[in-house]
Amino acid sequence: MDIGQILDDGPWTTMQKIVVVLAALAIVADGFDGQLIGFAIPLIIKEWNVTRGDFAPVVASGLIGMAIGSACAGMLADHFGRRMGVICSVLLFSLATCAIGFSENLWMMAALRFVAGLGIGGALPTSTTMTAEYTPARSRTIAITATIVCFPLGGMLSGVFASFILPAFGWRGLFWIGGTIPLLLALVLFFRLPESPRFLAHHHARWPELIRLLGRMSRPVSAGSTFIDSREEKVEEDAGLRALFEEGRRRDTIALWLATFACLLAVYSAFSWLPTMLANEGLSASVAGSGLTAYNLGGVCGALLCAAAVARFGSRWPLAVFSAGGALSALLLIGVNPTQNTNVLIFGVGVHGLFVTTVQCIIYALCAHVYPTNVRATGTAATLAVGRLGAILSAFAGAAVITAGGASAYFTMLGVAMVCVLTGLWMVRHQIPPVQKTKIKLDNAPPVLVGQ
């Protein structure tokens, strides 16, 4: 049995869609817990009487944890399975987030934020890989994008959540309650999330488990069946980091790393410092928090729009347009006075988030296209790990730029970063092709149109 043909060309059943929803919920929780710190920073700085520069190592420690978590989770998921990668990541960041509420100083908070970062970094590549391997090829870009867009959706929910919790329970309650919610999700994932069928097909000892799983997916096969993966068998012996630079993937890997580095520099400059920057410009804490909420809302809307464009036109031009839009929108915000044109500024931040977050979401779908099964989790995780270096840089660059030049310097940095993103993505050779309609003949049925 050719598992590639079974999964890529077959129907998208209800059971498969449930798995995608579970993976998406893991990323909602990921974005929710990952962005709580951005809403808490202004209050913690005021309560502990510290500066933005003093707080930069706390932000950086979480991002370092995300980088390590991204790299390790991908390799572990390729070796031990996607299922436990997702579950362990959610469990780790939820417990660590709860513990942050007990912090007594910056060093304790930094250590706990590092541990939470390990889980936050690991959830994204493993959940994305799970989605990719449970979705037929014709629907994969939309499914991955809809899954990844749950990260800014989680961030948007964390903004709404923070607006209610912070006034009532303070920043400690924000972490205690915010960490408990994903704990419940981890239990659901443990009992309901199955392993990836494509991963099982590459491990002969687990073929009986695969046969049972295919039955649940409305693809019954006989007991004792053997499996091949003809579409991706070329990398069977080359799994690992080395394979990312072989079979013509060297240029794409380097280009993806450059684009993701610059994009996450821009994204996490917003996630970590946007409320602080707006508060520094004289806006109230509630208005400053609404800026990050608008940023995430824009990303949710834009990602789904861009995914539809990618399905119709392929990935090259939609990614180029959205990258250029991210650069232009940031540069246009330089001339907006925060106190005199607050609504315009918040709207502009939302438009900027629409472009930037969308590009980051589609990059994950592009990774799933560039890299085959045996290195898909590793390739996605390695790309994200390099991108996290840009996020780490944002922890210090954001604080320094806001202190030195305020809003103008901050938005200039974002614009320059998106120009680098545009350059990197244009260099990627193996872009996602547009969905083609072809006629196929089903057994005992007339020809029908399906996505190929």
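N49 is exposed, with a relative accessible area of 70%, where exposed stands for over 50%, buried for under 20% and partly exposed for the range in between, computed with a 1.4 Å probe and protein chains only. The residue is placed in the loop between α2 and α3, the helices (H or I, at least four residues) and strands (E, at least two) being DSSP runs that are numbered from the N terminus. Phi of N49 is near 55 degrees, a positive value in a residue other than glycine. Most residues other than glycine have a negative phi.

The model is predicted, and for that reason local features need pLDDT of at least 70 and side-chain atom pairs count only at pLDDT 80 or more, whereas totals for chains, interfaces and linings use all residues. Residues are numbered from 1 along each chain as its sequence is written, and side-chain values use heavy atoms, with hydrogens and water left out.

A search of the whole structure returned two salt bridges, each defined as a side-chain nitrogen of Lys or Arg within 4 Å of a carboxyl oxygen of Asp or Glu. In one of them, the side chains of E133 and R82 meet at 2.7 Å, N to O. Because E133 lies in helix α5 (residues 106-133) and R82 in helix α4 (residues 82-100), the pair ties together parts that are 51 residues apart in sequence. E133 is buried, with a relative accessible area of 2%, and R82 also counts as buried, at 1% relative accessibility. A salt bridge is likewise formed by the side chains of R206 and E209, at 3.1 Å from N to O. Here R206 counts as partly exposed at 26% relative accessibility, and E209 counts as partly exposed at 28%.

Four cavities of 30 Å³ or more were found in a search of the whole structure. On a 1 Å grid over the protein atoms alone, a cavity is a set of points where a 1.4 Å probe fits but cannot get out, while a pocket is an open set with protein on both sides within 12 Å along at least five of seven lines, and lining residues have an atom within 4 Å of a point. Grid points are joined across faces, edges and corners, and a volume is the space filled by probe spheres set on the points.

The largest cavity holds about 110 Å³ of space. Its lining comprises 14 residues, of which F151, L264, V267, Q360 and Y364 are the closest to its centre, and the elements that contribute two or more residues to this lining are α7, α10, α13 (342-370) and α14 (373-427). Eleven residues of the lining are nonpolar, two polar and one charged, with Ala, Val, Leu, Ile, Met, Phe, Trp, Tyr, Cys and Pro counted as nonpolar, Asp, Glu, Lys and Arg as charged, and the others, Gly among them, as polar.

The second largest cavity contains about 70 Å³ of space, and its lining residues include G34, Q35, V58, R113, Y268 and F271. Two or more residues of this lining come from each of α2, α3 (52-80) and α10. By class, the lining of the second largest cavity has seven nonpolar, four polar and one charged residues.

Among the open sets, the second largest pocket has a volume of about 310 Å³. This pocket is lined by 18 residues, with S163, L166, A285, S286 and G289 nearest its centre, and the elements giving two or more residues to the lining are α2 (14-48), α7 (150-192), α10 (250-280) and α11 (285-313). The lining of the second largest pocket has eleven nonpolar, seven polar and no charged residues.

On the surface, F102, M108, F169, W176, I177 and I181 form a nonpolar patch with about 570 Å² of accessible area together. Patches consist of residues with over 30% relative accessible area and no salt bridge, like charges being joined within 9 Å and nonpolar side chains (Val, Leu, Ile, Met, Phe, Trp, Tyr) within 5 Å; accessible areas come from the Shrake-Rupley method with a 1.4 Å probe, and for residues only the protein chains shown count as cover. The largest share of the patch, four residues, comes from α7. I181 lies in helix α7 and is partly exposed, with a relative accessible area of 45%.
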